[in-house]
Amino acid sequence: MKRWVGLALSACLALPLPAQSVRGRLEGRIPSTAIPAVDSLIQFAAQEGLPTEPLIQKALEGGAKHVAGPRIVAAVQLSLGQLRDARDLLVRAGDQPPVLPAEMTTVAWALRRGLPAPLVERVVAALARPPRGAAMHAVADLVAHGFDPDSAANLIIDAVHDGVPRERLLDVSTAALQQVQRGRTRPEALAIVRRQLPNLPAPARPTRGNVAGARRPAAPVPP
Amino acid sequence: MNVIDQRIHQALDGELAAEAVPAELRHAVARLAAAAALLAAPPPGPAASLESRVMAEIRRPAPSRARRVMRWLVTPHSIILRVRPAWSVAFAAVVATLTLFTAGDQGPELGEHEGIAQFVGRFPEAQSVHVVGTFNDWRPGSIALEDQDHDGVWRATVVLPAGTYEYMFVVDGERWVPDHLEERLVADDFGRENSIVIVRPARR
């Protein structure tokens, strides 16, 4: 039910977006010659039920970095392809279409961070219920630090099955990385953390000193 | 105040025979006579002279310093404060000001789905450092880092909705640099790498 409500809301928000506000966000931020092509790519994404915000952000990023128009269009096109791949992967792994936009973004992140597609597909299939963002980043963090990809994915999947809340999966990868910092080999680190599951060290919380000087950006964009 | 019956006085002074005391007063006379006898009796044990008692007190070893301190701490002391009302008002005003100042320095109230992102970079020669990313539409100049103690380490603490963001530092308005302290990196598709920050909700 929540899934369908989320999709309906996403559709309501996404459909009127490309026509007016997307051009408004792009004008003055990217070369004007690139706007029609970028805009049409975003229209394609919206029509296919893909998230459009990552494409807008990619275009704005290129403009901010003073990249030439054709390269911006190419990068947006690449992002569009990554989102399509992510959608297809999710469907292959068992998600029923229409796939949640947030899950497509998550899988696209995981692929861009270098996780092999079969591994991502295995994690998606093992964690049948979204959200999977924390799990994907936890696996990607471990792989980025030299852990065996399959072993890393197994640890995170085991953590979920052992009852570790999704929002704490990054603490699982952090715990394994801390074991390596203490001199354990990577297999030893994974074994130690697996024995501790589902118990984990308390995550670091923002201290009063951290929060004291915090400020909000003028107009934060929802992720 | 209770007034003792005159006949009780007379009975205690021997001026009135015991059998002449009315029956209702006899119990009171007996209790008072017993009390008087108790007061008149010598104290139990050998009576110590004043001199011997003083000498015994002198010969008793002085209590240790810790014991004296403890005794001072547990003994009630009177403290007299003489305060001018004007000073009291001034003191209260200072306390109120400090309280308000401290409360204002606690930072923004975080929403349920908001968290804190800390951006730190070491740029010893920089004149300005900004962080730009998907949280601010890659708009340069909107979030400045500060180097308050001029040690070359620039910092900014930002409240963001929980989520995953890509970002880079912009040094002196022109040099784009990934966050070398952040180990999560991803290709930006423009030939460089963006850093990734994952903001977790502070209220968990």
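**Helices α10 and α11, chain A**

I looked up how helix α10 (residues 169-181) of chain A meets helix α11 (residues 186-196) of chain A in this predicted model, and I found that their axes come within 8 Å and cross at roughly 135 degrees; axes are lines fitted to C-alpha atoms, for helices over the stretch in contact, with angles running from 0 to 180 degrees between N-to-C directions. Helices here are DSSP runs (H or I, at least four residues), as are strands (E, at least two), and they are numbered from the N terminus. I therefore noted α10(A) and α11(A) as oblique to each other, given that under 35 degrees counts as roughly parallel, over 145 as roughly antiparallel, 65 to 115 as roughly perpendicular and the rest as oblique. Among the residues that meet are Val172(A) and Ala176(A) in α10(A), and Leu190(A) and Val193(A) in α11(A), where contact requires C-beta atoms, placed from the backbone, within 7 Å.

I also noted the conventions: residues are numbered from 1 along each chain as its sequence is written, while chains are lettered from A and ligands numbered from 1 in the order in which they are written. Local features need pLDDT of at least 70 and side-chain atom pairs count only at pLDDT 80 or more, whereas totals for chains, interfaces and linings use all residues.

**Helices α4 and α5, chain A**

I then turned to helix α4 (residues 53-64) of chain A and helix α5 (residues 69-93) of chain A, which pack at an angle of about 155 degrees with their axes 9 Å apart. That makes α4(A) roughly antiparallel to α5(A). Leu55(A) and Ala59(A) are among the α4(A) residues that meet α5(A), whose side includes Ile72(A) and Leu83(A).

**Asn194, chain B**

Is Asn194(B) buried or exposed? I placed Asn194(B) in strand β7 (residues 193-199) of chain B, and Asn194(B) counts as buried because 25 C-beta neighbours lie inside 10 Å (buried means 20 or more other C-beta atoms within 10 Å, exposed 12 or fewer, partly exposed in between, with C-beta atoms placed from the backbone). Leaving aside neighbours within four places in sequence, its contacts include Tyr167(B), Met168(B) and Leu185(B).

**Confidence**

I checked pLDDT, the predictor's confidence in each residue from 0 to 100: chain A has a mean of 87, with 84% of its residues at 70 or more. Over residues 6-16 of chain A the pLDDT is below 50. Where pLDDT is low, the predicted coordinates should not be read in detail. For chain B the mean is 84, and 91% of its residues reach 70 or more. The predictor gives the complex an ipTM of 0.83 and a pTM of 0.69.

Methods. Contact = placed C-beta atoms within 7 Å.
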